[in-house]
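Subject: Structure handover

Hello,

The structure we discussed is below, with the sequence. My notes on it follow.

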Amino acid sequence: MAEATFRVFRGDKNGGEEVEYTVPVTEGMVVLDVIHHIQGYTDPDLACRWNCKAAKCGSCSAEVNGKPSLMCKTRLDHLPLDRPVTVHPLKAFPVIKDLATDVSWNFEVNKKIKPFTPKPDTDWVMYQPDVERAQEFRKCIECFLCQNVCHVLREHDKHDNFIGPRFLVRVASLEMHPLDNGNRLEYLKDEAGIALCNITKCCTEACPEEIHITDNSIIPLKERVVDEYYDPLMRLLRKFFGKK
Amino acid sequence: MEKFETHEYDVIIIGAGGAGLRAAIEASNKGCSTAIVCKSLLGKAHTVMAEGGVAAAMGNMEGEDNWKTHFCDTIRGGKFMNNWRMAELHAKEAPDRIRELEQWGAVFDRTPEGKINQRPFGGHTHKRLCHVGDRTGLELIRTLQDKGVHSGIDVYMECTVSQLLKDGEKVSGALAYWRETGRFVVFKAKAIIICTGGLGRAYKITSNSWECTGDGIGLAYEAGAELLDAEFVQFHPTGMVWPPGVQGILVTEAVRGEGGILRNSEGFRIMEKYDPERMELSTRDVVAKAIYHEVKGGRGSEHGGMYLDISHRPAEYIKKKLPSMYMQFMELADVDITKGPMEVGPTTHYTMGGIRVEPETAATRVPGLYAGGEAAAGMHGANRLGGNSLSDLLVFGRRAGLSAAEHAQGLSAAPTVDAGQIEDAANSALEPFNSKEGDDPYAIHRDLQDNMQDYVGIMRSEDDLKKGIDGLEQIKQRLKTVRTDGSRPFNPGWHLALELRAMVVISEAIARGALQRKESRGAHTRLDYPETDAETYGKINSIAAKSGKDMDVSTAPLPQMPDELKKLLEDK
């Protein structure tokens with residue numbers, strides 16, 4: 001039977017190192033199968049998160065050969081197996097143990113986003129073309145790969161000033177809900193730090209759900225913020241005609 | 001001994017899937033201090049994998065749908081083994097629960113008139129499943145999650161309950177451990193609701209995520225609750241069969257709802273033989289057995305399944321209505337479902353059995369202990385209809401939250417937690433670290449899965465079931481000395497060693513319930529008793545309860561529905 005060599009990060013917040021494992025390769029195998037094989041036959045205390053193994057829950061995010069990926073979707077036959085494959089935890093979050101990182105910051109951010117606020121006296125009639133924009137954003141499985149590749153978070157560590165692509169997508173899903181009446185523009189400008197995004201589209205490339213994060217959510221939100229706070233013409237118009 | 005971190009609440013919910021979140025929202029809304037304790041991150045529970053839709057007689061597509069038809073479909077699909085009152089409440093309340101979700105921000109697919117779109121599904125007379133493409137569970141859990149975090153509920157994520165605590169007969173709290181650190185945490189509570197879902201991981205081929213190890217069912221059993229009808233385990237007819245690593249992953253019934261056709265290796269449309277009236281939209285028990293017989297008869301697909309073909313529908317339509325199926329087959333199996341058939345076969349999917357509860361209040365027989373969702377039993381009888389699970393979560397999650405809140409508010413004083421009990425529970429949880437000679441939990445788990453798959457699977461017989469029960473006895477013995485290597489922080493081997501305790505309990509209840517039920521009904525098929533026995537077994541539920549150290553398996557009379565409901569079933 002064919003074999004492959006993996007170098008998996010083992011360690012915790014105090015540091016760690018790659019540990020080498022050789023595993024048998026079967027047809028259609030994915031990286032998560034490799035991790036399970038290591039747990040089942042070699043190191044039962046190898047820590048990693050996973051739930052569905054079908055790319056629906058977004059738990060098994062890791063960096064495979066340096067590329068942020070869902071391990072359940074990364075097939076071995078798409079990797080060069082003539083050399084060792086490396087598996088590391090997400091870089092933008094602190095390591096708990098091995099491949100498990102502390103992503104609790106994301107859940108704190110989410111709490112601060114103004115929830116869905118329906119228009120008063122709505123009849124709850126919505127048409128498919130109108131809901132599709134919000135539906136695209138609601139596909140998000142919260143794998144946090146976009147957060148992981150966003151250089152504002154990954155390189156510059158601006159977790160206190162910027163909510164990251166995942167939560168800009170979340171805000172977009174609310175702002176573009178046909179029956180939402182909440183106003184999140186001030187939040188976007190100040191707390192969410194939307195201006196820090198300079199549209200390098202790394203998040204869009206990393207998204208396993210193929211959400212057009214930059215084009216469909218971040219850019220339209222940026223435009224709304226600009227219209228509201230920075231556009232002199234709009235300001236003038238508002239002054240004469242009152243708020244839209 | 002370490003000093004335990006302790007928290008106190010009116011109501012604790014174990015599990016953060018649809019039922020747990022809905023229960024927590026309700027309890028909190030009633031003014032109770034409420035916490036959810038869940039073993040994964042919030043939003044990752046197995047509900048997220050529900051695909052096809054949530055059943056509710058909204059009548060958006062065809063005006064004549066109503067609760068009575070939904071009730072009749074559910075009872076017929078459950079082969080008359082359902083708790084009639086639960087089926088009635090479910091059918092009546094589901095539409096309100098859907099409207100409520102929409103008001104909390106869920107964005108369902110729409111009809112041309114702007115109403116919630118509904119699709120056909122197996123066993124449902126009308127188009128009844130509200131859906132969002134094929135990712136309805138994600139929509140449901142995200143909506144409840146976002147509603148929940150703004151409802152003042154505390155969430156203890158990646159925190160696993162290992163034992164319930166009691167004050168005399170009453171439930172008084174729970175001992176849990178943080179997965180991250182391995183340290184214990186004590187929860188004091190006036191009421192506890194178990195919403196821990198199913199047990200598919202006891203089987204080798206399953207659509208269930210790692211979490212589905214029957215934890216809450218095991219906790220309730222150990223605390224004195226009864227288990228009901230454990231033998232009814234649903235094998236979903238369409239799981240992936242190839243490649244090996246993805247075996248068992250769900251292929252949504254929505255593929256058939258959208259017109260998918262099942263064919264054998266000879267190109268024959270198999271449901272013409274097994275249910276010519278409903279064809280592919282027959283109930284899951286019938287379709288699963290049809291596939292089993294075709295494969296057994298030598299007419300299986302290349303890798304031992306059936307061919308499921310939707311490629312006659314336009315490619316754009318498939319990508320829109322079944323996007324995650326398209327992606328799943330493209331990326332994991334190199335199959336383009338817009339161009340050719342998928343290979344599918346039965347996979348362990350859902351337990352109709354579980355914790356016995358009062359139909360209206362979701363109360364177990366242990367005061368203060370409630371159960372909702374898949375962990376609770378009765379609603380679905382011998383076979384669950386697709387789409388009735390998500391609606392079950394909402395209807396009975398809410399009811400469990402409501403009754404737990406009332407119970408908590410009715411107590412004059414909080415129950416006390418006993419320090420000795422906590423110490424014992426903690427010591428018990430740490431036993432695997434003290435074992436030096438025992439087996440590795442992964443090895444025991446593999447043997448359990450093989451044992452259940454081989455002897456307590458889709459087709460059963462007395463000989464096989466007895467072998468399965470013998471096998472379980474050996475596994476129980478090995479589990480006593482299960483060994484965990486490494487240390488307490490984030491140690492999956494240790495977690496599995498503790499999860500095996502619940503899996504063994506529920507496995508035994510399934511096997512012994514199956515041995516006791518000498519008939520075939522719904523998802524429970526006995527090769528040695530192929531007929532449905534309305535006279536004897538049609539009138540009894542199976543009960544499993546702890547008696548001393550052993551499991552006592554017995555029967556209880558099936559509650560009989562009132563005449564006006566009986567008449568509904570006769571009318572059609």
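Asp334(B) sits in the loop between α10 (323–333) and β14 (342–351) of chain B. Its phi is positive, about 55°, although the residue is not a glycine. Most residues other than glycine have a negative phi. With a relative accessible area of 53%, Asp334(B) is exposed, because the cut-off for that class is over 50%. Please keep in mind throughout that this is a predicted model.

Other backbone points

Chain A has a residue of this kind in Lys201(A), where phi is near 65° and the residue is again not glycine. Lys201(A) belongs to the loop between α7 (185–189) and α8 (202–206) of chain A. Its relative accessible area is 32%, so Lys201(A) is classed as partly exposed.

Back in chain B, the peptide bond from Trp242(B) to Pro243(B) is cis, and its omega is near 0°. Most peptide bonds are trans. Pro243(B) is in the loop between β11 and α6 (254–257) of chain B.

The buried ones are Asp215(B), Gly216(B), Ile217(B), Gly218(B), Leu219(B), Ala220(B) and Tyr221(B).

Aromatic pairs

How many aromatic pairs are there over all chains? The count is 12. One of them joins Tyr156(B) and Trp178(B): the ring centres are 6.0 Å apart and the planes meet at 45°, so the pair is tilted. Tyr156(B) is in strand β6 (residues 154–156) of chain B and Trp178(B) in strand β8 (residues 170–178) of chain B, so the pair links distant parts of the chain, 22 residues apart. The two partners fall into separate accessibility classes: Tyr156(B) is buried at 9% relative accessibility, while Trp178(B) is partly exposed at 21%.

Tyr203(B) and Phe235(B) make an edge-to-face pair, with 5.8 Å from centre to centre and 85° between the planes. This pair also links distant parts of the chain, its members being 32 residues apart. Tyr203(B) comes from the loop between β9 (184–194) and α5 of chain B, and Phe235(B) from strand β11 (residues 233–240) of chain B. Both Tyr203(B) and Phe235(B) are buried.

Ring pairs also build a cluster, made up of Tyr9(B), Tyr156(B), Trp178(B) and Phe187(B).

Nonpolar cores

The largest nonpolar core has 228 residues. Those with the most contacts inside this core are Phe6(A), Met71(A), Leu164(B), Ile192(B), Ile194(B) and Ile355(B). Helix α15 (residues 492–516) of chain B gives the most to the core, with 11 residues. Another core, of 15 residues, lies apart from it and includes Phe4(B), Val417(B), Ile422(B) and Trp494(B).

What does Met71(A) touch, leaving aside its neighbours within four places in sequence? Its contacts are Val30(A), Val31(A), Leu32(A), Ile35(A), Cys48(A), Cys60(A), Ala62(A), Val64(A), Val87(A) and Leu99(A).

Chain A overall

Chain A has 244 residues, of which 58% count as buried. Its secondary structure consists of 10 helices and 7 strands. Along the principal axes, the C-alpha atoms of chain A fill a box of roughly 75 × 40 × 30 Å. Among contacts in chain A with a separation of 6 or more, 62% are between residues 24 or more positions apart. The chain exposes about 11100 Å², and carbon and sulfur atoms supply 51% of this.

Chain A also carries a nonpolar patch on the surface, formed by Leu233(A), Met234(A), Leu236(A), Leu237(A), Phe240(A) and Phe241(A). Together these residues have about 660 Å² of accessible area. Phe241(A) is in helix α10 (residues 232–241) of chain A. At 67% relative accessibility, Phe241(A) is exposed. As a reminder on helix geometry, an α-helix has 3.6 residues a turn, so residues three or four places apart point the same way.

Regards

Conventions. Residues are numbered from 1 along each chain as its sequence is written. Chains are lettered from A and ligands numbered from 1 in the order in which they are written. This is a predicted model: local features need pLDDT of at least 70, side-chain atom pairs count only at pLDDT 80 or more; totals for chains, interfaces and linings use all residues. Side-chain values use heavy atoms; hydrogens and water are left out. Patches are made of residues with over 30% relative accessible area and no salt bridge: like charges are joined within 9 Å, nonpolar side chains (Val, Leu, Ile, Met, Phe, Trp, Tyr) within 5 Å. Accessible areas come from the Shrake-Rupley method with a 1.4 Å probe; for residues, only the protein chains shown count as cover. A salt bridge is a side-chain nitrogen of Lys or Arg within 4 Å of a carboxyl oxygen of Asp or Glu. Helices (H or I, at least four residues) and strands (E, at least two) are DSSP runs, numbered from the N terminus. Buried means under 20% relative accessible area, exposed over 50%, partly exposed in between (1.4 Å probe, protein chains only). A nonpolar core is a set of buried Ala, Val, Leu, Ile, Met, Phe, Trp, Tyr and Cys residues joined through side-chain atoms within 4.5 Å. Contact means heavy atoms within 4.5 Å. Rings of Phe, Tyr and Trp (its six-membered ring) pair if their centres lie within 6.5 Å; planes under 30 degrees apart count as stacked, over 60 as edge-to-face and the rest as tilted.
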